Amino acid sequence: MKKVELAEHSGFCFGVRRAIKLAQDAARKSKLPIYSLGPLIHNRQEVERLRGKGIHVIENLSGMESGTLIIRSHGIHPKLLKEAKSKGLSIVDATCPFVRKVHQIVALLKQDGYEVIVIGEKRHPEILALPGVKVIEKKSDVSKMRKRKQLGIVSQTTQTIGNFNEVVQALLSKAPELRIFNTICLETVKRQESTRKLAGRVDSMVVVGGYNSANTRRLAEICRRAGTETHQVETADEIKPAWFKGKNAIGVTAGASTPGWLIKEVMKKLRA
Ligand code: SF4
């Protein structure tokens, strides 16, 4: 009998849980469908479930002239918020408070004359929502930068501490004055830490979550770095028994955007 163990911290984080609750509450109260600009969370199966509850995804505001817009936990760029308000849309703001804190730090740094760098992924919605910042993804991006007078540094909330440290280290030579804010959120740290620990004591890891979810991909990366055979799946159907031949202990973890019902299905299939 193989042992299957779930990471101590996995699945929905506080911010995602809150966004889904706000969206579902709004959908219950409204007679009309409500919309999120881009998927509410990076999980196709959960987005599909929410569609059944009247929460739809739109790619831009051009076709939306009335109704309710839900702002995702990633936040929204001020220009888009202005556009939504000018159309008279009803707005439900589900920006995660930890993301909002990053916006506040960036604003204060700019006010104090710092050029702001965010360590994160250029195309991630959380980063696209931040106006007037320079995005650095990895330490090799730093070498191309010219020297600055003052640098303010923040992080995408779901970065790994390892990448954050590497980039900060490289940035130290780029300005005589730096103000560094580690804005990786505690929920992310807890998921990454418990994944690392679990990956270190099992033969094989299964990471559950959307292929479009950056924080899920990062968990898979952590498992691989621990030297453990790792499989990422979106659903239980993707699991292949052959992966676990000769393996005794299997670990399971899931990104902050993975709903509990998908994790349960994976656990059930693995235990069976
Ligand atoms: S990962 Fe952290 S910052 Fe992002 S939505 Fe979840 S709680 Fe908020």
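Here is a walk through this predicted model, from its domains to its sheet and then to a pair of helices.

Residues are numbered from 1 along each chain as its sequence is written, and side-chain values use heavy atoms, with hydrogens and water left out. Local features need pLDDT of at least 70 and side-chain atom pairs count only at pLDDT 80 or more, while totals for chains, interfaces and linings use all residues.

Let's start with the overall layout. The protein chain is divided into domain 1 (3–12 + 187–271), domain 2 (14–95) and domain 3 (98–184); these bounds come from an automatic or database domain assignment. The C-alpha centres of domain 1 and domain 3 lie 29 Å apart. Eight residues of domain 1 are in contact with nine residues of domain 3, where contact means heavy atoms within 4.5 Å.

Now turn to the sheet. Helices (H or I, at least four residues) and strands (E, at least two) are DSSP runs, numbered from the N terminus. Two strands count as paired if DSSP finds at least two bridges between them. Four strands form an open sheet in the order β3-β2-β4-β5, with parallel pairing. At its edges are β3 and β5 (90–93), each pairing on one side only. On average, neighbouring strands are turned by 35° against each other, direction ignored.

You can trace the pairings one by one. Strand β2 (residues 34–37) is joined to β3 (residues 55–58) by four bridges, and Ile34 stands opposite Ile55 in β3. Three bridges link β2 to β4 (residues 68–71), with Tyr35 opposite Leu69 in β4. Between β4 and β5 there are four bridges, and here Ile70 stands opposite Val92 in β5.

Helices accompany these strands. Together, β2, helix α2 (residues 44–51) and β3 make a right-handed β-α-β unit: with the strands pointing away from the viewer, the path from the first strand over the helix to the second runs clockwise. Helix α3 (residues 78–86) lies across β2, β4 and β5, running at about 145° to β5.

Finally, look at two packed helices. Helix α7 (residues 186–199) and helix α8 (residues 214–225) pack at an angle of about 35°, with their axes 9 Å apart. Axes are lines fitted to C-alpha atoms, for helices over the stretch in contact, and angles run from 0 to 180 degrees between N-to-C directions. The contact involves Arg191, Gln192, Thr195, Arg196 and Ala199 of α7, and Arg218, Leu219, Ile222 and Cys223 of α8.
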